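Subject: Structure handover

Hello,

Here is the structure for you to look through. My notes follow below it.

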Amino acid sequence: MAASFKTEMVLVGRLARAEDILAGLTAVALERGIRAAVVQGVGATREAVLGFYDQEALEYRDHSIPEPMELLSLTGNISLKDGSPFVHVHAILSDEQGRAFGGHVMPGTRVFALEYSLMVLDGPELCREYDRETHLYLWPASVSRALG
Ligand code: ZN
């Protein structure tokens, strides 16, 4: 079953140049006491580290993009892991020719500029739990739809 939340507020801001996306958004969440949110953003990156989850090996493989890119879309969420806000975001980046690259945002992804919106949610605790099948920390079974 899905869980029901109300929108508490929408926070709008930007990260400082060269700020790490995950560290920066985590700091915002800690400062504002955010426990659940929907994340959106646009901007540009100076360098990026994107992950691809290998579903056979059950581990992330990283690829680095060390040059400036447009950040076309940052999307994801904030929920709790071990009682602290945990930022999970994916990014689509584009180069000078408009070619797109994407993945799971890893530490080391630094912005040239980022304008973000956080739709802060009010509702039940949304705590990540270790999932044995995927080896990932996922939202709990209480918000998972059981298969027929
Ligand atoms: Zn991810």
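First, a term: helices (H or I, at least four residues) and strands (E, at least two) are DSSP runs, numbered from the N terminus. Alanine 18 lies in the loop between strand E1 and helix H1 (21-32). Two notes on the source come next. Residues are numbered from 1 along each chain as its sequence is written. The model is predicted, so local features need pLDDT of at least 70, side-chain atom pairs count only at pLDDT 80 or more, and totals for chains, interfaces and linings use all residues.

Overall layout

The protein has one helix and nine strands. From the N terminus, their order is β-α-β-β-β-β-β-β-β-β. The C-alpha atoms fill a box of roughly 45 × 40 × 25 Å, taken along the principal axes.

Strand pairing

Two strands pair if DSSP finds at least two bridges between them. E1 pairs with strand E7 (residues 110-122) in the antiparallel sense, over nine bridges. Within that pairing, arginine 14 has glutamate 115 of E7 as its bridge partner. Strand E2 (residues 37-54) also runs antiparallel to E7, joined by ten bridges. Here threonine 45 stands opposite valine 111 in E7.

Burial and core

A residue is buried if 20 or more other C-beta atoms lie within 10 Å of its own, exposed if 12 or fewer, and partly exposed in between; the C-beta atoms are placed from the backbone. Buried residues make up 25% of the 148 residues.

In soluble globular proteins, nonpolar side chains tend to be buried together. A nonpolar core here is a set of buried Ala, Val, Leu, Ile, Met, Phe, Trp, Tyr and Cys residues joined through C-beta atoms within 7 Å. The largest one has 28 residues. Those with the most contacts inside it are Ile21, Leu25, Ala37, Val39, Ile78, Val89 and Ala91. H1, E2, E4, E5 and E7 each supply at least two residues of this core. E7 gives the largest share, six residues.

What does valine 89 touch, not counting residues up to four places away in sequence? Its contacts are Ile21, Val39, Leu74, Thr75, Gly76 and Val105.

Exposed spots

Back to alanine 18. Its phi is positive, about 75°, although it is not a glycine. Alanine 18 is exposed because 11 other C-beta atoms lie within 10 Å.

Aspartate 82 has a positive phi as well, about 55°, and is not a glycine either. Aspartate 82 sits in the loop between strand E4 (69-81) and strand E5 (84-94). It counts as exposed, with 8 C-beta neighbours inside 10 Å.

Methionine 1 is in the segment before strand E1 (6-15). With 9 C-beta neighbours inside 10 Å, methionine 1 counts as exposed. It touches Ser142, Val143 and Arg145, leaving out residues up to four places away in sequence. Methionine 1 and leucine 58 are 57 residues apart in sequence and 26 Å apart in space, C-alpha to C-alpha.

Best wishes

Key. Contact = placed C-beta atoms within 7 Å.
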